[in-house]
Structure formats: structure tokens, C-alpha cells
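Biologist: I'd like to learn how to read a fold from its computed features. Can you take me through one, feature by feature?

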Amino acid sequence: PDRFLTWHWETEEEEERGRLNYVPDSKKPNAGTFILGKEDHTMGNLLRHQLLRDPSVRFAGYRIPHPLIFDVHVRVETMDSKLTPINVFESALLDLQLETDILSKTFEAAIAEFDANRV
């Protein structure tokens with residue numbers, strides 16, 4: 001396949017269908033797998049670490065099914081069936097968004113301070 005297809009969606013419809021999918025576990029109601037399209041180890045590892053910070057998560061791991069398939073499969077299992085994997089996954093995504101916002105603001109403030117001291 002063309003190299004740019006590892007990160008670029010060809011159509012908006014393809015992007016909507018392939019960006020994020022959820023497959024519930026057939027044997028455990030408190031487990032499931034999220035499939036993130038066009039992602040790699042960076043996103044998989046970030047999500048795994050963020051999920052493992054949550055005390056209601058029993059297991060979180062990711063795998064890449066094949067080097068030529070650009071998907072990340074994130075498996076999540078919660079402690080009990082009251083909290084679904086979808087809930088903890090959404091919570092982890094929100095926490096990561098907050099952390100990256102803080103990091104971005106801190107970085108921009110440091111750049112502004114550096115530029116002010118240079119003049």
C-alpha cells in the first residue's frame with residue numbers, strides 16, 4: 001500500500017467507519033476491545049498507561065495485529081460489570097486530553113517567557 005495511507009484516510013466516510021470501533025467480549029460483560037484505526041504504538045501505550053491509572057481497571061493492554069495493518073487493539077477489563085469498558089475508556093481519553101492541554105499551555109508559556117527574555 002501507499003505509505004501515506006498509514007496515517008491518511010481516503011474519504012470522510014472511511015474515517016467515520018474506521019477511526020474507533022468497539023468489540024465487546026463474548027464471555028465477560030466487563031471486558032472488550034477497542035480498535036483504533038490508523039494508530040500505532042504511541043497511542044496504544046498512552047491509552048494503556050492512562051487506563052491502568054484507573055483503580056477500577058483490572059487489565060489494560062494493547063497489540064498491533066500485524067506490521068502492515070495500521071490498527072491498534074486496546075483490550076480493557078474492569079473490576080466489575082457495573083462499570084463498562086466504554087466508561088473507563090472515555091474517562092481515560094478525557095484525562096489524556098486534559099494532560100495534553102496542560103502540557104501545551106505550559107510549553108507555550110515557556111516559549112513566550114523565552115522570547116520575552118531574549119529581547
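Modeller: We'll go through the sheet, then the helices, then a few single residues. This is a predicted model, in which local features need pLDDT of at least 70, side-chain atom pairs count only at pLDDT 80 or more, and totals for chains, interfaces and linings use all residues. Residues are numbered from 1 along each chain as its sequence is written, and side-chain values use heavy atoms, with hydrogens and water left out.

Biologist: Let's start with the sheet. What is the order of the strands?

Modeller: In general, strands of a sheet pair through backbone hydrogen bonds, either parallel or antiparallel. For the labels, helices (H or I, at least four residues) and strands (E, at least two) are DSSP runs, numbered from the N terminus. Two strands pair if DSSP finds at least two bridges between them. Here you have an open sheet of 4 strands, ordered S1-S2-S4-S3, with antiparallel pairing. S1 (20–24) and S3 (57–63) are at the edges with a single partner strand each, so one side of each has no neighbour in the sheet. From one strand to the next, the twist averages 20 degrees; angles like this run from 0 to 180 degrees between N-to-C directions, with axes as lines fitted to C-alpha atoms, for helices over the stretch in contact.

Biologist: How many bridges join S2 to S4, and which residues can I use as landmarks?

Modeller: S2 and S4 are joined by 7 bridges and run antiparallel; for a landmark, take Phe34, whose bridge partner in S4 is Val74. S1 pairs with S2 over 5 bridges, also antiparallel, with Asn21 opposite Ile35 in S2. A hairpin of 6 residues links S1 to S2. Look for Phe59 opposite Glu77 and Val57 bridged to Thr78.

Biologist: Why is S4 described as largely enclosed?

Modeller: That one is about accessibility: buried means under 20% relative accessible area, exposed over 50%, and partly exposed in between (1.4 Å probe, protein chains only). S4 is largely enclosed by the rest of the structure because 6 of its 8 residues are buried.

Biologist: Where does helix H2 lie?

Modeller: H2 (residues 41–53) lies across S2 (31–37), S3 and S4, and runs at about 175 degrees to S3.

Biologist: And at what angle do H2 and H3 pack?

Modeller: For angles, under 35 degrees counts as roughly parallel, over 145 as roughly antiparallel, 65 to 115 as roughly perpendicular and the rest as oblique. H2 and H3 (residues 85–118) pack at about 110 degrees, their axes 9 Å apart, and are therefore roughly perpendicular to each other. Contact means heavy atoms within 4.5 Å. Among the residues making it are Leu46, Leu47 and Leu51 of H2, and Val88, Phe89 and Leu96 of H3. The contact residues divide into 8 nonpolar, 1 polar and 3 charged. In that count, Ala, Val, Leu, Ile, Met, Phe, Trp, Tyr, Cys and Pro are nonpolar, Asp, Glu, Lys and Arg are charged, and the others, Gly among them, are polar.

Biologist: Now single residues. Is Thr78 buried or exposed?

Modeller: Thr78, in strand S4, is buried, with a relative accessible area of 0%. Leaving aside neighbours within four places in sequence, Thr78 is in contact with residues including Asn30, Arg58, Thr84 and Val88. Its side chain also reaches the backbone oxygen of Asp80 at 2.9 Å.

Biologist: What joins the side chains of Thr84 and Asn87?

Modeller: A polar contact of 2.6 Å. The term means a pair of N or O atoms within 3.5 Å; within protein, one must be able to donate a hydrogen and the other to accept it, and residues adjacent in sequence count only if both atoms are side-chain atoms. Thr84 is in the loop between S4 and H3 and is partly exposed, at 30%.

Biologist: Which loop holds Lys38, and what is its phi?

Modeller: Most residues other than glycine have a negative phi. Lys38, in the loop between S2 and H2, has a positive phi of about 60 degrees although it is not a glycine.
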